Amino acid sequence: MSESAAPLRRLARLLWRAARAIVFAIGLVTILLAGAGLWGLHRLAGRPTALPEHFILSLNLQTAPPDVAAPSALLRRATGATPTLEQTIAAIDRAATDPRVRGIDILLGGGCCGLTTAEELHDALARFRAISHRQVVARAMSFDGAEGLGAYIVATAANRIELSDAGDFGVTGLALQSPFAADLLKMAGVEAQFEHIGKYKTYPELFTRSGPSAAATEMMNSLAGSLYDSALVPIAARLKRSPDQVKALFDQAPFSAAQAKQDGLVDTVLPLSAEVAHVRGVHVSLADYVADAAPAPAGAPKVALIVAHGDINAPDAPGRRSGIDPARLAHEIATAVADPSIRAIVLRLDTPGGTVTGSAMVGAEVARAARLHKPLIVSMGALDASGGYWISSHGAVLVADPATLTGSIGVLGGKFSFGGLLARLGVSVSTASRGANALFDSAVTPWTEAQLASLQGQLDLDYQKFVGWVAAGRRMSPAQVNAVGQGRVWTGAQARSRGLVDRLGGYHEAFMTVRAALHLPADAALDIVPGNEQPGLTALLATLARQANPLEAAALPEPLRGLFALTRLHRLSMVPVELR
């Protein structure tokens with residue numbers, strides 16, 4: 001090497017050392033910052049302040065408790081996460097035998113609650129009263145519309161219902177509505193092509209018809225009747241009237257607060273100057289009470305609680321932030337099955353369905369738990385239909401709320417073709433393809449008659465697989481499954497009488513079923529452990545970053561939020577076959 005090259009070599013080595021030093025410094029700073037952050041979070045997640053000797057437990061139910069997996073204590077403390085529905089139910093049940101709790105004060109609002117959540121909360125509060133003989137007071141500014149019905153169901157478990165003089169009683173009944181957008185799509189130049197198996201698999205009608213078919217009308221009326229009948233049961237019991245008398249009363253609503261009191265719907269009308277904390281005594285929030293819970297006693301059987309919420313995605317679509325990742329859920333179930341310390345599993349599902357492949361992947365793990373004789377109890381949330389029912393059908397015991405929407409044993413496939421819309425917008429699409437069906441999944445080109453026939457054949461096969469799978473899990477004949485299948489959605493109450501679910505109830509009933517499966521006394525303690533994968537450091541820091549600066553769809557301008565909503569519909573064109 002020449003002498004002129006030596007200085008260049010020395011310069012290169014110097015630069016390389018400097019670069020390594022900079023990278024090392026950045027890494028060291030990152031580690032120190034992460035360590036400091038985790039130390040701070042650990043401090044936040046430390047033992048909570050001791051609760052008072054006696055107190056009133058406050059439940060803020062202006063919004064519904066989320067029916068999701070409980071976050072870790074670290075994340076809960078760092079983000080101020082709301083207690084989950086399961087934690088709320090467990091806290092109310094624990095309070096019933098806690099001598100420190102002198103009563104429960106409930107603040108209700110327009111965000112509470114869907115019918116299934118309302119019925120679970122009502123039942124928990126009723127158990128609290130029956131066991132503790134202490135008072136429960138429910139307060140609301142107003143009871144309005146569909147949300148007001150759920151809130152009022154919760155309120156009917158209280159000793160006293162209080163309504164603000166500024167509000168009214170607007171519970172007028174229950175309504176189910178479906179939009180039909182075929183004419184709009186046609187005007188926009190969007191072609192909707194769908195095929196389905198099952199007379200009642202009517203979801204595609206939203207895009208292919210201007211109004212409901214006779215089957216859709218029949219099913220909607222049946223669901224509305226069953227849901228309303230279930231909702232009226234706790235209301236009629238409190239008012240000491242028949243369901244028909246309650247219906248007649250609601251048919252005259254809305255009422256002023258004073259009229260609602262006169263009719264016995266509420267007990268007290270709060271003046272405008274009433275204090276928010278109307279129940280006397282020291283109040284403790286639900287979040288603080290949940291954090292104060294003692295660990296399960298030594299030797300208590302471990303039960304894994306796995307919660308899954310949202311659409312069932314395809315296994316080859318990892319990284320979706322929303323919906324159920326079937327690979328992850330299947331792994332969580334498999335891990336709990338393989339763990340000898342886990343005596344039983346409760347799988348809580350709240351899903352309208354999704355892909356065949358994703359449903360089959362998770363369903364296989366549920367079936368494996370049955371083969372290995374590890375009790376897996378399915379607890380159905382507001383929805384456990386179609387692909388969700390595929391997953392559930394091999395559970396040891398299926399527990400549904402009376403208002404759960406389940407069944408929908410059927411398949412559909414379809415897509416939207418936007419070629420006409422693009423042409424109207426002045427956009428042309430040039431295509432070069434090889435293969436007769438190369439454009440099968442194209443969002444521009446509609447299906448040919450031959451391609452539609454091919455799709456129909458695929459759906460026929462998938463439906464037979466669905467029926468056979470359910471028949472094996474529920475110990476029914478394929479003919480019996482087909483008779484209650486055909487894509488028909490049932491409420492939990494209807495499903496039980498048709499052999500699709502075993503018991504009615506929520507989390508409490510699911511854990512009582514676990515005790516029965518393990519041959520334990522009804523009051524035996526259980527060690528409920530999270531079966532969902534806990535987020536790692538990267539996910540934790542990402543959550544905290546979103547908490548600090550949430551660049552989410554909710555923060556976007558209204559037109560952009562609408563665009564994001566439309567992209568969810570476009571997902572149907574990416575997955576031709578759905579269990580929904």
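Accessible areas here come from the Shrake-Rupley method with a 1.4 Å probe, and for residues only the protein chains shown count as cover. I looked up the accessible surface of the chain first: about 28100 Å², with 59% belonging to carbon and sulfur atoms.

I note that this is a predicted model, where local features need pLDDT of at least 70, side-chain atom pairs count only at pLDDT 80 or more, and totals for chains, interfaces and linings use all residues. Residues are numbered from 1 along each chain as its sequence is written, and side-chain values use heavy atoms, without hydrogens and water.

I checked burial next. Of the 580 residues, 45% count as buried (under 20% relative accessible area, 1.4 Å probe, protein chains only).

Then I turned to the cores. A nonpolar core is a set of buried Ala, Val, Leu, Ile, Met, Phe, Trp, Tyr and Cys residues joined through side-chain atoms within 4.5 Å. The largest has 74 residues, and L108, F143, Y152, F169 and F250 touch the most other members. Helix α8 gives the most to this core, seven residues (helices are DSSP runs of H or I, at least four residues, numbered from the N terminus). A second, separate core has 45 residues, including A308, I324, A336 and L398.

Last, I followed α8 (residues 214–239) to α9 (residues 243–250). They pack at about 100°, axes 9 Å apart (lines fitted to C-alpha atoms over the stretch in contact; angles run from 0 to 180 degrees between N-to-C directions). The two helices are therefore roughly perpendicular (65 to 115 degrees). On the α9 side, P243, V246, K247 and F250 make the contact (heavy atoms within 4.5 Å).

Note on methods:
Parallel < 35°, antiparallel > 145°, perpendicular 65-115°, else oblique. Buried < 20%, exposed > 50% of the residue type's maximum accessible area, 1.4 Å probe, protein only.
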